[in-house]
Amino acid sequence: MKKKLIVGFTGILAASCSPIDKSLLDQPDQPVMEITIRMVKEGQMEEFVDARKNFITVLKEQNGVLADREFQSFYALPAPDDRGVFIGMTEYETGTTVGKIQSKMKVISKFLKFKKTIDLKAYVFVEPTEGPDFNLKALASDEGEILEIGARRVKPGMENEFNEYRKKFVDLLSSYDGVEESYEFKVVGGEDIDRLTVGMTVYESQDAFMKLAEPIMQEEITQK
């Protein structure tokens, strides 16, 4: 079942070699998650849907793929999307699993056909660092729930300030009605990942998110 998602970040997909930086993994024997943000090429929605189905079917058949979810974006920052955007999340058994799967010809051939229908906005691999136990299969899966993804590139030399205000912001966000849980992730692979961090928040409904979106942007902590 497709779920709705808020998203806004950029990148590129490479399919034939492992995109994981093993030196970044805190837990090499634990699962990692791929997040791929796909913008459908103009006039190719039907081709996109068919090619995606074929690719994901083959991907999910591979040993080491633990879960796969598809989300549809309805809101984006810093600017609205002008084409359909879909977000795929795939959980792999370990970082090593990713390279093995992405080097298989049956996976590559299906992906190359799929790639012709999309422009990629983001391609990252992450491992969870904060929040409740992360379960991709159950993430924002209840009726009406929506998921926000925040990908932020920290300004050079401001890592300490970022973490200070990020934690304060998450505490503030959690005080609003309709906010269910938040997660923080460490980026461990992908493309153009320097100083990139990823956070997620689950809301009970789109209406709950829209009610808080404007007022929380005016908060001092948000601005900092």
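This is a predicted model: local features need pLDDT of at least 70, side-chain atom pairs count only at pLDDT 80 or more; totals for chains, interfaces and linings use all residues.
Student: What makes up the secondary structure of the chain, and in which order do the elements run?
Tutor: The chain has 6 helices and 8 strands. From the N terminus, the order is β-β-α-β-β-α-α-β-β-α-β-β-α-α.

Student: Why is the chain called as compact as a globular protein of that length?
Tutor: The radius of gyration is 17 Å, and the globule rule gives 17 Å for 224 residues. The two values are close, so the description holds. Along the principal axes, the C-alpha atoms fill a box of roughly 50 × 40 × 30 Å.

Student: Why is the pair of tyrosine 123 and phenylalanine 125 called edge-to-face?
Tutor: A pair of aromatic rings is described by the distance of the centres and the angle of the planes. For tyrosine 123 and phenylalanine 125, the centres are 5.4 Å apart, and pairing requires them to lie within 6.5 Å. Their planes stand at 80°, and angles over 60 degrees count as edge-to-face. The pair is therefore edge-to-face. The whole structure contains 12 aromatic pairs.

Student: How do you know whether tyrosine 123 is buried or exposed?
Tutor: Its relative accessible area is 0%, and buried means under 20%. Tyrosine 123 is therefore buried.

Student: What is concluded for phenylalanine 125?
Tutor: Phenylalanine 125 also has a relative accessible area of 0%, so this residue is buried. Of the 224 residues of the chain, 46% count as buried.

Student: Which residues form an aromatic cluster?
Tutor: Phe48, Phe55, Phe86, Phe111 and Phe114 form one such cluster.

How values were computed: Residues are numbered from 1 along each chain as its sequence is written. Side-chain values use heavy atoms; hydrogens and water are left out. Helices (H or I, at least four residues) and strands (E, at least two) are DSSP runs, numbered from the N terminus. The radius of gyration is taken over C-alpha atoms; the globule rule is 2.2 Å times the number of residues to the power 0.38. Buried means under 20% relative accessible area, exposed over 50%, partly exposed in between (1.4 Å probe, protein chains only). Rings of Phe, Tyr and Trp (its six-membered ring) pair if their centres lie within 6.5 Å; planes under 30 degrees apart count as stacked, over 60 as edge-to-face and the rest as tilted.
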